[in-house]
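Reader: Hi! Could we go through the aromatic rings in this one together?
Author: Happy to, let's have a look.

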There are 2 protein chains.
Amino acid sequence: MRNIKMTIKYDGSRYKGFQRLKDNDMTIQGKIENVLSKMTNESIEIIGSGRTDMGVHANGQVANFKTDSELSIKKMHDYLYEYLPEDIVIINMEEVDDRFHSRYNAKSKIYLYKIDNNKYHDPFLRKYTTHVEKKLDLELMREASKYLIGEHDFTSFASSKSKKKSNIREIHSIEIKEHHNLVEIYVHGNGFLYNMVRIIVGALLDVGLHRKTPQDIKEMLEFKDRSKASDTAPSKGLILHKVNY
Amino acid sequence: MRNIKMTIKYDGSRYKGFQRLKDNDMTIQGKIENVLSKMTNESIEIIGSGRTDMGVHANGQVANFKTDSELSIKKMHDYLYEYLPEDIVIINMEEVDDRFHSRYNAKSKIYLYKIDNNKYHDPFLRKYTTHVEKKLDLELMREASKYLIGEHDFTSFASSKSKKKSNIREIHSIEIKEHHNLVEIYVHGNGFLYNMVRIIVGALLDVGLHRKTPQDIKEMLEFKDRSKASDTAPSKGLILHKVNY
């Protein structure tokens, strides 16, 4: 069987998340599997690098699937581009080694969180940013972010619904950029717990708005208790930016 | 009576255009008038600098209205921001001289047309750009645009539905910028006929795709015949960028 790897960009606004749900095809996975199954006359199942929640977007989600189809990669790519809805675009498609697995082989991921930090929100960015009216103190946010770098138990920064065996993860870097009041927070790590990026961003926003100090972030982490941390930032500002293999 | 000037940014995707239609409030003007009328308990009519068509956007549409309300500008602005839909944002509001008229006093306008010139369209920009897959020849487009600068009879570049007495207009400049395959065409002129910017862009796209030469644009203009010019470019790439007074 051939093993095909896809890089997917999507506007998640309309969807219930990446992962296919029973009896509901308003998921990214569902939409892609439907088109692929029609194309190949097989029942295709794609393996994503991980889930993204309802309303979360992607610049570079990765998924792979196995098929016996003899169609060329170009033909497959053209077919997907024609039949997928406009808000889901396969930006790269290639044949890979049989052993490649989008989830197991992912070495690290970069998430991007976008904040529209103007007095009034930008109507063109409203679905892809979280609007924060009050000017954020970016220097303080950068200082706070340093406490999260490295290997930590992120229990305080995971949804209490998270059911992973271990809550230890490593954050490689957190970069905070700003251009014309659009703030971009890049979080690079080896893996993420459920809602982890959104809770990290919630904490950084608390610091940027002077509701918490950088030192508070350090303590949040040490508490290992979700109830001690900040609120979860809205899904619409979150983008799965890149998956590294 | 007080005279209030507003600068309006909107995502026109959902609307039937700027101008209020009878029995249909899915217009920008209708939405704003409804909120203003509720706020003031008066029947407010706003005067826009001009119409924008169904699906066209604005970064800086200007409109003014008269009112006897004694509310502060800040209160009015906050009220509008709260009650207007998310895709219509008043970005500036100020009290102006009684004689100010958004349409009659407009000295010039800048329209912006955005083209996503990547092989696959960007899902996040799909409603605010026109996608052109084949690489555009921007140098040739810039050469062609020079023939349109200055005072001309733009009959070939106006919808045949246009009913203006004179089709003579002056284009001050056409600037074509490009950044990461996002092409931006800024058209600055003293006034525009119906569909004029979209037909100009249609002609420039024909040149950029080598379907027409820059010399053809010169001839289109001289023909003074709409049927001799290019197709009208889609509305979704067009943005009323700025109105100068």
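Reader: What lies over the face of F223(A), and at what distance from the ring centre?
Author: That's K228(A), 5.3 Å from the ring centre. Keep in mind that this is a predicted model.

Reader: And in chain B, where does the charged end of K228(B) sit?
Author: Over the ring of F223(B), 5.3 Å from its centre.

Reader: OK, on to ring pairs. How many aromatic pairs are there over all chains?
Author: A search of the whole structure gives 14. One of them joins Y111(A) and F192(A), with 5.1 Å centre to centre and 85 degrees between the planes, an edge-to-face pair.

Reader: Which parts of chain A does that pair tie together?
Author: Y111(A) is in strand 5 (residues 108-116), while F192(A) is in the loop between strand 9 (182-189) and helix 4 (196-208), so the contact links parts 81 residues apart in sequence.

Reader: Are those two buried or exposed?
Author: Y111(A) and F192(A) are both buried.

Reader: Now Y120(A) and Y81(B): why is that pair edge-to-face?
Author: The ring planes are at 70 degrees, and the centres are 4.8 Å apart, so the pair counts as edge-to-face; the cut-off for that is over 60 degrees.

Reader: Nice. Where do the two residues of that pair lie?
Author: This pair crosses between chains: Y120(A) is in the loop between strand 5 and strand 6 (130-131) of chain A, and Y81(B) is in helix 2 (residues 73-83) of chain B.

Reader: Why does Y120(A) count as buried?
Author: Because its relative accessibility is 16%, and buried means under 20%. Y81(B), with a relative accessible area of 24%, is partly exposed.

Technical notes:
Residues are numbered from 1 along each chain as its sequence is written. Chains are lettered from A and ligands numbered from 1 in the order in which they are written. This is a predicted model: local features need pLDDT of at least 70, side-chain atom pairs count only at pLDDT 80 or more; totals for chains, interfaces and linings use all residues. Side-chain values use heavy atoms; hydrogens and water are left out. Rings of Phe, Tyr and Trp (its six-membered ring) pair if their centres lie within 6.5 Å; planes under 30 degrees apart count as stacked, over 60 as edge-to-face and the rest as tilted. Helices (H or I, at least four residues) and strands (E, at least two) are DSSP runs, numbered from the N terminus. Buried means under 20% relative accessible area, exposed over 50%, partly exposed in between (1.4 Å probe, protein chains only). A charge sits over a ring if NZ of Lys or CZ of Arg is within 6 Å of the ring centre and within 35 degrees of the ring normal.
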